[in-house]
Amino acid sequence: MNRTLPVLAAVLFLMNVPVWAEKTAEEPVDLDMVTRIREEGLHHSQVMETVRHLSDVLGPRLTGSPQLKAANEWTRQRLAGWGLRNAHLEPYPFGRGWSFSRSAVHMLKPHQLPLSALPKAHTLGTAGPVRGAVLIAKLAKEEDFAAWRGKLAGKIILMDEPVDLDHQGEEPEPREHTGETLRELGRFPVPVDRESDGSKDASIERAKLREALNRFLTEEKVLATIDASNRPWGVLRVGRGGPWNPAMSPGVPSVVVAAEQYNRLRRLVEAGQEVELEIEVEARFHDEDHMAYNTVAEIPGTDRDGEIVMAGAHLDSWHGGTGATDDAAGCAVVMEAVRILQALGVKPRRTIRVALWTGEEQGLFGSIAYVAEHFGSWSGPEDPERRKWLSILNWKGEGELALRPGHGKLSAYFNMDAGSGRIRGIYTEESAAVRPIFEAWLAPFHDLGADTVTLRRDYGTDHLAFQDVGLPGFHFIQDPLDYFARTHHSNMDVYDHLQREDLVQASVVVASFLYHAAMRPEKLPRPNPSRR
């Protein structure tokens, strides 16, 4: 009878170490390779050069825009130049592109003042400066339209309620995780019932309302609409306006104004003051190519019969800043990770593949299309109306799941998309089986601050495309820095808010995870397919 494990478990218990930690000793870690990865990544990093080019030189990279197509080609050439094989672009159907070259909003009455504003993506241009009176119109549901019919021609409409800025003096979220916040991440809360929370139905209803509103505003000859940024201190957080589907109504020109200035406009109008604005937006749609592209490259495997380990991040961004923290930083990290491994001349058992997704901001279009092409896809609902709207929203997880032959070949996918903070650990996405594996892989990086493994899930980015078809997809825990508070989808998403030390650290952690996933005897344990 082997008494080693029970004795070890008792020792771990007395040391306040979870009993499952005894299994970390069973997962081999190549410390010689870790040392080489740390040497190359920490002392010869190229991550900042990569992220600077993506953000400063190429700039914002809205899906379908010329800037994103330039980023696709530059990353393909960069990866090929480092010696990765099969560097190529994989197309998928998306829709029309959009870009803008000028945006100016001025208050003319009650006095003249330039306003801080940006156009929403896929909005129409104004065909020169346009002037109009400002009014408030409640159009929160289709039933509201009748009260405003015939009253909105030539007007500029304030669409949002005032932004509540009363509590902005409160202590902000810490920029870095603390011991307490990491311990909290380690505690697993009983999740809400995502199958019955109505999120899909609510999304469909919002999409229907948006389409109906765009048509109504166009029919009523509204001059433009104004939304409020939902961030304080002049930060402009901006996303989509019109649709990228050319069959849908683009609506009217739409801009986002700084929250403080928006609130003032509302107060003036509510007080009965005459308010007049001048708006000019130069924008254009790109209908030359309705395809979008993912950048893909790899380090070929040796003896594992076509098996694959992947890492990825999304190359696209919104247009207010330069997409530095969301997600040029993640792209630079995964590119640097494979550069490190290529520079070390590794010969992995499994192929190590890097993918830079597009269409993430619109609904994970690029990663879902890739997974559908290579691994598996859902048939969708039988109801044609529901199928139409779920297709527009790119929601999956309904109907029947059909797997492709490649499904059995993928060992794991690792995703980077939480800003530019250093890696502090990883979400296991509720897989208890991978927890001891990841604990072992993180052990050589505790001195760099990466030491937390949680059974929690993380949502909202490209690893979900893999989970949806029953493949292991994981997201790293990163320090928040100012990501959600300031840079996320805003004009503050620029190179200046990146932290070199954090990106260098993240690159070596990702490189080591890729290497060990590619070299271990077995593929990583698999989850059940999720239904988003």
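1. E211 is buried, with a relative accessible area of 10%, where buried means under 20% relative accessible area, exposed means over 50%, and partly exposed covers what lies in between (1.4 Å probe, protein chains only). The side chains of E211 and R215 meet in a salt bridge with 2.7 Å from N to O, the term being used for a side-chain nitrogen of Lys or Arg within 4 Å of a carboxyl oxygen of Asp or Glu. Both residues lie in helix α6, 4 residues apart, which is about one turn of the helix.

2. Before going further, please note that this is a predicted model, in which local features need pLDDT of at least 70 and side-chain atom pairs count only at pLDDT 80 or more, whereas totals for chains, interfaces and linings use all residues. Residues are numbered from 1 along each chain as its sequence is written, and side-chain values use heavy atoms, with hydrogens and water left out.

3. A second pair in helix α6 (residues 199-219) is K208 with E205, which are 3 residues apart, again about one turn of the helix. Their salt bridge has its closest N and O atoms 3.9 Å apart. K208 is partly exposed at 28% relative accessibility, and E205 is partly exposed at 48%. An α-helix has 3.6 residues a turn, so residues three or four places apart point the same way.

4. Which parts of the chain does the salt bridge between D289 and K69 tie together? The two side chains meet at 3.5 Å, N to O. D289 lies in the loop between β9 (276-286) and β10 (291-299), while K69 lies in helix α4 (residues 66-81), so the pair ties together parts that are 220 residues apart in sequence. Helices (H or I, at least four residues) and strands (E, at least two) are DSSP runs, numbered from the N terminus. D289 is partly exposed at 24% relative accessibility, and K69 is partly exposed too, with a relative accessible area of 29%. By the salt-bridge rule, the count comes to 36.

5. Helices α3 (residues 47-57) and α15 (residues 500-519) have axes that come within 9 Å and cross at roughly 115°; axes are lines fitted to C-alpha atoms, for helices over the stretch in contact, and angles run from 0 to 180 degrees between N-to-C directions. The two helices are therefore roughly perpendicular to each other, a description that applies from 65 to 115 degrees, with angles under 35 counting as roughly parallel, over 145 as roughly antiparallel and the rest as oblique. In this contact (heavy atoms within 4.5 Å), V47, M48 and V51 of α3 meet R500, L503, V504 and S507 of α15.

6. Helix α15 also contains A506, which is buried with a relative accessible area of 1%. Not counting residues up to four places away in sequence, A506 touches V333, M416 and I423. The C-alpha atoms of A506 and L213, which are 293 residues apart along the chain, are separated by 44 Å.

7. Finally, helix α12 (residues 435-442) is mostly covered, since 8 of its 8 residues are buried. Among them are P436, F438, E439 and W441. The buried residues of α12 pack against the strands β15 (410-415), β16 (423-427), β17 (452-454) and β18 (473-478), and against α15.
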